[in-house]
Amino acid sequence: NSPLVYGPKYEFSFFDSLLYDEQIVKLRLRDSFEKIDNERQFLGFKRPTLLGDLNSLKLVHRHLPYARILIVLRERVTRSESAYWWYLKDSLISRG
């Protein structure tokens with residue numbers, strides 16, 4: 001975490017093309033931008049699956065045409081462990 005980046009507690013899944021609802025996107029973005037200091041902070045969000053979905057990236061551009069995307073890659077073992085726990089939590093896999 002950085003004081004220069006505001007990151008909401010929830011993931012920005014509303015840009016996922018299958019879940020997209022324009023009104024929800026507008027409300028969540030407005031809510032997020034109200035919480036940042038535009039002079040000193042950036043809005044950051046985490047959504048690893050976003051990069052693999054061209055339609056979702058088009059939705060980001062539609063709502064944030066001047067956005068710049070910065071990609072931070074974590075160490076692969078830590079990332080794999082994180083994905084494992086998320087998949088368990090979401091019942092996408094089972095302990096087996």
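The secondary structure of this predicted model consists of three helices and two strands, where helices (H or I, at least four residues) and strands (E, at least two) are DSSP runs numbered from the N terminus. Read from that end, the elements follow the order β-α-β-α-α. Residues are numbered from 1 along each chain as its sequence is written. Local features need pLDDT of at least 70 and side-chain atom pairs pLDDT 80 or more, while totals for chains, interfaces and linings use all residues; side-chain values use heavy atoms, without hydrogens and water.

The table lists values for the whole protein.

| Property | Value |
|---|---|
| Span of the C-alpha trace along its principal axes | about 50 × 30 × 20 Å |
| Buried share of the 96 residues | 20% |

Buried means under 20% relative accessible area, exposed over 50%, and partly exposed in between (1.4 Å probe, protein chains only). Accessible areas come from the Shrake-Rupley method with a 1.4 Å probe, and for residues only the protein chains shown count as cover.

Among contacts (heavy atoms within 4.5 Å) with a separation of 6 or more, 64% join residues 24 or more positions apart.

Helix α3 covers residues 76–89 and contains Trp86. Trp86 has a relative accessible area of 38% and is therefore partly exposed. Trp86 also belongs to a nonpolar surface patch with Tyr84, Trp85, Tyr87, Leu92 and Ile93, which together have about 630 Å² of accessible area. Such patches are made of residues with over 30% relative accessible area and no salt bridge, with nonpolar side chains (Val, Leu, Ile, Met, Phe, Trp, Tyr) joined within 5 Å and like charges within 9 Å. A salt bridge is a side-chain nitrogen of Lys or Arg within 4 Å of a carboxyl oxygen of Asp or Glu.
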